[in-house]
Amino acid sequence: MIIRNAEYFISSEKVSQCPAKGLPEYAFIGRSNVGKSSLINMLTGNGKLAKTSATPGKTMLINHFLINGRSDRDIEKRIQPGSWFLVDLPGYGYAKRSKKAQDNLEQMISSYILERMDMTLLFVLVDSRHEPQKIDLEFIQWLGENGVPFSIVFTKADKLSKGKLSDNVQKYISRLMEDWEEIPPYFITSSETRQGREGLLDYIQEINRSLLEQSDTNE
Ligand SMILES: Nc1nc2c(ncn2[C@@H]2O[C@H](COP(=O)(O)OP(=O)(O)O)[C@@H](O)[C@H]2O)c(=O)[nH]1
Ligand SMILES: [Mg+2]
């Protein structure tokens, strides 16, 4: 898929405030510092879209970015066939948050994931350098139990040798296979080398196409 255009659309505190445009929506989530902002910038080709911040855990909002809209002074008129939303969800598991802030955040994230009808797929980011982490495994378990469509994205692939990278990925997938018969598609990415960019974007495009075909046959 070619990204012709990527721009900030809106930030929402709650799922009820999210835009009602009926666009396919792809959300990105992971622990703070996993490389989520960098990945979003790399995918969209816009180095400033999602703020890559040195102070993790700050963004507590649901951020919508409009991808492949058209240019119009009125942001509402920029949506066109082929447009979709990329959603940046707050990072989970940031230890320095207060208990109350953490609870609020979990509530916001879970209601978005469970209630947001427009969410087509959730990309769960994990750092390719680390062993499977309890917090990620529990989160993935919870997604499976709730029937949430998701896909795993291994980040920071450039930080490892090829051998170590494929070892880690295999280890991760084997760990998931202990709980699940089937593992959804996964992607190995680097925001530095842009590895995985085309594969991930083409996957989104494929799903967008099948959604369009479905809506055509329903008419
Ligand atoms: N080498 C390398 N560093 C990365 C990559 N992705 C993110 N980083 C670094 O990891 C840190 C956290 O990245 P950021 O995108 O802010 O993570 P976020 O908290 O998940 O949004 C930053 O210092 C980034 O420069 C990557 O693919 N390769
Ligand atoms: Mg970030």
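Ligand 1 is surrounded by 19 residues, and the closest of them are Gly35, Lys36, Ser37, Ser38 and Ser191. Bear in mind that this is a predicted model. By type, the shell around ligand 1 splits into 12 polar, 5 charged and 2 nonpolar residues. Which element gives the largest share of that shell? Helix H1 (residues 36-44) does, with 3 residues.

Now for the sheet. It is an open one, built from 7 strands with mixed pairing, and the order runs S1-S3-S4-S2-S5-S6-S7. Strand S1 (6-12) and strand S7 (186-188) sit at the edges, each pairing on one side only. On average, neighbouring strands of this sheet are turned by 25° against each other, ignoring direction.

Two of the pairings can be followed residue by residue. Strand S2 (residues 25-30) pairs with strand S5 (residues 119-127) in the parallel sense, over 6 bridges. Within that pairing, Glu25 has Met119 of S5 as its bridge partner, and Tyr26 has Leu121 of S5. S5 is also joined to S6 by 6 bridges, and these two strands run parallel. Here Val124 is the residue standing opposite Ile152 in S6.

On to helices H2 and H4. How far apart are the end C-alpha atoms of helix H2 (residues 99-115)? They are 24 Å apart, which agrees with the 24 Å that its 17 residues should span at 1.5 Å a residue. Helix H4 (residues 162-177) has 16 residues and reaches 22 Å from its first C-alpha to its last, close to the 22 Å expected at 1.5 Å a residue.

| Helix | Residues | Buried residues | Arc of the buried residues |
|---|---|---|---|
| H2 | 99-115 | Ile109, Tyr112, Ile113 | 95° |
| H4 | 162-177 | Leu165, Asn168, Tyr172 | 70° |

In H2, the buried residues are Ile109, Tyr112 and Ile113. Their arc around the axis is only 95°, which puts them on the same side of H2. The face of H2 turned away from this buried side carries the exposed residues Lys99, Lys100, Asp103, Gln107 and Glu115.

In H4, it is Leu165, Asn168 and Tyr172 that are buried. Looking down the axis of H4, these buried residues fall within an arc of 70°, so they line one face of the helix. Behind such spacing is a simple rule: an α-helix has 3.6 residues a turn, so residues three or four places apart point the same way. The other side of H4 has a set of exposed residues, namely Lys162, Gly163, Asp167, Gln170, Lys171, Ser174 and Met177.

Asn68 is not a glycine, yet it has a positive phi of about 55°. Asn68 lies in the loop between strand S3 (62-67) and strand S4 (84-88). With 19 C-beta neighbours inside 10 Å, Asn68 counts as partly exposed, because burial takes 20 or more.

Lys156 is not a glycine either, and its phi is positive too, at about 60°. Its place is in the loop between strand S6 (150-155) and H4. Is Lys156 buried or exposed? Lys156 counts as buried, because it has 22 C-beta neighbours inside 10 Å.

Conventions
Residues numbered from 1 in each chain as written. Chains lettered and ligands numbered in written order. Predicted model: local features only at pLDDT ≥ 70, side-chain atom pairs only at ≥ 80, totals over all residues. Near = placed C-beta within 6 Å. Helix = DSSP H or I, 4+ residues; strand = E, 2+ residues; numbered from the N terminus. Nonpolar A, V, L, I, M, F, W, Y, C, P; charged D, E, K, R; others polar. Pairing = 2+ DSSP bridges. Axes fitted to C-alpha atoms, helices over the stretch in contact; angles between N-to-C directions. Expected span 1.5 Å × (residues − 1). Buried ≥ 20, exposed ≤ 12 C-beta atoms within 10 Å, placed from the backbone. Arc of directions from axis to C-beta.
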